[in-house]
Amino acid sequence: MIAVKNLQKHYGKLEILKGIDLEIKKGEVVVVIGPSGSGKSTFLRCLNLLEQPTGGEITFEGESITSKKHDINATREKMGMVFQQFNLFPHKTVLQNITLAPIKVRKQQQAVADKFAMELLKTVGLEDKKDVYPAQLSGGQKQRIAIARALAMQPHVMLFDEPTSALDPEMVGEVLEVMKKLAEDGMTMVIVTHEMGFAREVGDRILFMDGGFIVEQGTPEQVFGNPTHARTKDFLSKVL
Ligand code: ADP
Ligand code: MG
């Protein structure tokens, strides 16, 4: 579904991504781990072109999305993204948050958008919150709504950048539960997280990033159980 070839991102002289190569299959759940500042967020943001890569190529569903003539907006619609900070629209209700893009961008009829939004609210267990405003929600509920909002565009892949890092510990589980369900339903997912238990349980593949490279990758058993690189071992010894 996604092929990344020699992806590079520089800010001036600062090299952040130094050549990332990766292929992601449809239905695969790829979990990215690694120390702070290693380029995980930059990598995700390059994948959906929130950042313009400075080198290399990204192919998505057979089409080069890094070529100049590519329509960025069409691709972004197919890639849902969930951030650490939920970024809900504060002056819109939960239902309006979810239906805004389908109505504005997809030109869906209100009734159609509302119906699908209610299905998604059921999926994330928040049907009773449809008419409340984000300020009335807990952090965990906000993030579940942010996930529902991304799903409303029927993305082909979901990108998560530390979706539980801003949450109080007791709310982490409910968000991971929703993500686990998505994974089980076959969604293609790329997830940056520090939740190692979740990574091990839900990931088909673990990527360890450090210093702008993928240092090591493999199944959870390989990376967590038998890491081969010193840097991976060192990182895991600090977080496990
Ligand atoms: P991670 O998500 O792994 O913590 P990031 O991708 O956020 O890492 O950042 C990697 C490096 O890139 C960091 O050193 C960060 O300071 C730098 N960086 C990120 N965004 C910018 C930017 N817009 N301009 C300059 N440097 C940046
Ligand atoms: Mg980050």
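## Close-ups of a predicted model

View 1. You're looking at a predicted model, where local features need pLDDT of at least 70 and side-chain atom pairs count only at pLDDT 80 or more, while totals for chains, interfaces and linings use all residues. Residues are numbered from 1 along each chain as its sequence is written, chains are lettered from A and ligands numbered from 1 in the order in which they are written, and side-chain values use heavy atoms, with hydrogens and water left out. The shell includes Tyr11, Leu14, Ile16 and Pro35, plus the run Ser36, Gly37, Ser38, Gly39, Lys40, Ser41 and Thr42; a residue is near the ligand if one of its heavy atoms lies within 4 Å of it.

View 2. Gly39 uses a backbone N or O atom, 3.0 Å from an oxygen of ligand 1. The side chain of Lys40 brings an N or O atom to 2.8 Å from a ligand oxygen, and the side chain of Ser41 has one at 2.8 Å from a ligand oxygen too. On its own, ligand 1 would expose 560 Å², and the protein buries 59% of that (areas by the Shrake-Rupley method, 1.4 Å probe; for residues, only the protein chains shown count as cover). Strand 2 (14-24) and helix 1 (40-47) are the elements giving two or more residues to the shell, and helix 1 has the largest share, with 3 residues. Helices (H or I, at least four residues) and strands (E, at least two) are DSSP runs, numbered from the N terminus.

View 3. Two strands pair if DSSP finds at least two bridges between them; strand 1 (residues 2-11) and strand 2 share 8. Look for Tyr11 opposite Leu14 in strand 2.

**View 4. The hairpin of strand 9 and strand 10.** Strand 9 (residues 205-210) runs antiparallel to strand 10 (residues 213-218), joined by 5 bridges. Met209 faces Ile214 across the pair. Between the strands there are 2 residues, and Gly211 has a positive phi near 60 degrees.

View 5. Most residues other than glycine have a negative phi. Leu49, though not a glycine, has a positive phi of about 65 degrees; find Leu49 in the loop between helix 1 and strand 4 (55-60). Glu162 isn't a glycine either, yet has a positive phi of about 45 degrees, in the loop between strand 7 (157-161) and helix 6 (169-184). Buried means under 20% relative accessible area, exposed over 50%, and partly exposed in between (1.4 Å probe, protein chains only). Leu49 is buried at 4%, and Glu162 counts as buried at 14%. Asn97, in helix 3 (residues 94-104), is buried at 1%, and the Asn97 side chain reaches the backbone nitrogen of Phe89 at 2.7 Å.

Note on methods. Polar contact = N/O pair within 3.5 Å; in protein donor to acceptor, adjacent residues only side chain to side chain.
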